[in-house]
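Welcome! Take a moment to turn the model around on your screen, and then let us walk through a few of its features together.

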Amino acid sequence: LASWVGFSNLPNQVHRKSVRRGFQFVAMVVGESGLGKSTLINTLFETRLYQPKAIPQPGQDRGKTVQIESISAEIEENNVRLKLTVVDTPGFGDFVNNDECWKPIVDNIEARFDAYLEQENRVNRNKLVDNRVHACIYFIQPTGHSLKPIDVEFMRRLHTKVNLIPVIAKADTLTDEEVALFKERILNDVAHHNIRIFRPPQYENEDEETVQENEEIMSKVPFAVVGSDSIVRTNDGREVRGRAYPWGAIEVDNEAHCDFVKLRQMLVRTHMEELREHTNDVLYEDYRSEKLRGMGV
Ligand code: GDP
Ligand code: MG
C-alpha cells in the first residue's frame, strides 16, 4: 500500500535525528463517523491515502465494533525516507451503545506497546520497528456547546496512553465567534475533568523565536480544522484547497480561516520529535513499568 508523497519543509534538525534513528511516525485519528477524519488525513499529507468509501445502506451490516485500520505511506524529503502510518478507527461512537467504544482503541495502543517491548527484550536489539502511536487526533463534533460524555470518557481513558491532540471538526460550519467560545468551553471541560492533552516540553535555552512559535501553536488548541480534497476558486480568482460557499471559499491553508496550518506545523514540523520522545520516555515507560510490576519483576 505504500505510495510516494512529497513532504514539504521538514526542518534539518528533524532530518538529522531521523536519519540516525530510522524514522517512523504513527498518527491515529478518532471521532464519530462523518466528522471529516479521512478528509483531514488526505489534506494533511497532500495525498489520497483514503479513497472515498461506499456509505453503508440501512440494513447493511456495519459490524458491531470499532474497526482499526492502518495505512502506511513512504514519504520522501531531501532524499530522506520517512514511514508514516495513519491508524483510522471507523465505527467509534456509531452504535446504539457506545459505552466501551474506547476499549478496542486502548487495546490497539497497548498491543503496539507490547510489540515494542517484545523487540526490546530480544538479544539482537538493533533495528527496532516503532509502531507505537505517537499522536492521537481526536475529532470533536462542532456543536458549539461543550464536550459530550463520549468525548470525556474517551480522553480520560486514553490520556495516559497516547499524546492527545483535540480538534474541532468541520470548523467552517461555525462562525469565528462560535469557534472562540467553543474552544473556551472545551478547555474548561478538559481542565475540569483533569484531562491531559499534549503540551510540548519547555526547554530553558530556547531562543525567543522558537518560544514564540510554540506559544502561537499552543494558543490554537483545540485546533479548529477544515479539510478538503478539492481545489476551489476564491472571489479574487485564486485556486486554493478549500470548501466553496455561495459567498466565497473557506481556505484550508489560510490561517485567518482555520487552524489547519498550525496543526500540520505541530505534527510534522515543530513537534514531531517531542511527540515521539514523550511517547517513548513517558507513556511507553509508564506502561512498561506497570506491566513489569504486574509480572512481579
Ligand atoms: P470520516 O467519516 O470522519 O472519515 O469523514 P469523511 O472524511 O469521510 O467526511 C465526511 C463528509 O464530510 C464528506 O462529505 C466530506 O466531504 C465532509 N467534510 C470533510 N471535512 C469537512 C470539513 O472540514 N468541513 C465540512 N463542511 N465538511 C467536511
Ligand atoms: Mg473515514
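In this predicted model, Leu40, Thr43 and Leu44 of helix α2 touch Phe260, Leu263, Arg264 and Leu267 of helix α7. Sorted by class, the residues of this contact are five nonpolar, one polar and one charged. Helix α2 covers residues 37-44 and helix α7 covers residues 260-270, and their axes lie 11 Å apart at an angle of about 70°. An angle from 65 to 115 degrees counts as roughly perpendicular, and α2 and α7 are therefore roughly perpendicular to each other. Their crossing is right-handed.

How do α3 and α4 run relative to each other, roughly parallel or roughly perpendicular? The axes of α3 (residues 103-120) and α4 (residues 149-158) come within 10 Å and cross at roughly 20°. Angles under 35 degrees count as roughly parallel, so α3 and α4 are roughly parallel to each other. The crossing of α3 and α4 is right-handed. On the α3 side, the contact is made by Ile105, Val106 and Ile109, which meet Phe154, Arg157 and Leu158 of α4. This contact of α3 with α4 holds five nonpolar residues, no polar ones and one charged residue.

Now look at ligand 1. There are 15 residues around ligand 1, and those that come nearest are Gly34, Lys37, Thr39, Asp172 and Gly227.

| Residue | Part of the residue | Distance to an oxygen atom of ligand 1 |
|---|---|---|
| Gly34 | polar backbone atom | 2.8 Å |
| Lys170 | N or O atom in the side chain | 3.2 Å |
| Arg243 | polar side-chain atom | 3.2 Å |

You can find Lys170 in the loop between β6 (164-168) and α5 (176-192).

Another backbone detail sits elsewhere in the chain. Which form does the peptide bond from Val221 to Pro222 take, cis or trans? This bond is cis, with omega near -5°. Pro222 belongs to the loop between α6 (208-218) and β7 (223-224).

Why pick out these two backbone details? Most residues other than glycine have a negative phi, and most peptide bonds are trans.

Key: Residues are numbered from 1 along each chain as its sequence is written. Chains are lettered from A and ligands numbered from 1 in the order in which they are written. This is a predicted model: local features need pLDDT of at least 70, side-chain atom pairs count only at pLDDT 80 or more; totals for chains, interfaces and linings use all residues. Side-chain values use heavy atoms; hydrogens and water are left out. Axes are lines fitted to C-alpha atoms, for helices over the stretch in contact, and angles run from 0 to 180 degrees between N-to-C directions. Helices (H or I, at least four residues) and strands (E, at least two) are DSSP runs, numbered from the N terminus. Angles under 35 degrees count as roughly parallel, over 145 as roughly antiparallel, 65 to 115 as roughly perpendicular and the rest as oblique. A crossing is left-handed if the near helix is turned anticlockwise from the far one by less than a right angle, and right-handed if clockwise. Contact means heavy atoms within 4.5 Å. Ala, Val, Leu, Ile, Met, Phe, Trp, Tyr, Cys and Pro count as nonpolar, Asp, Glu, Lys and Arg as charged, and the others, Gly among them, as polar. A residue is near a molecule or strand if one of its heavy atoms lies within 4 Å of it. A polar contact is a pair of N or O atoms within 3.5 Å; within protein, one must be able to donate a hydrogen and the other to accept it, and residues adjacent in sequence count only if both atoms are side-chain atoms.
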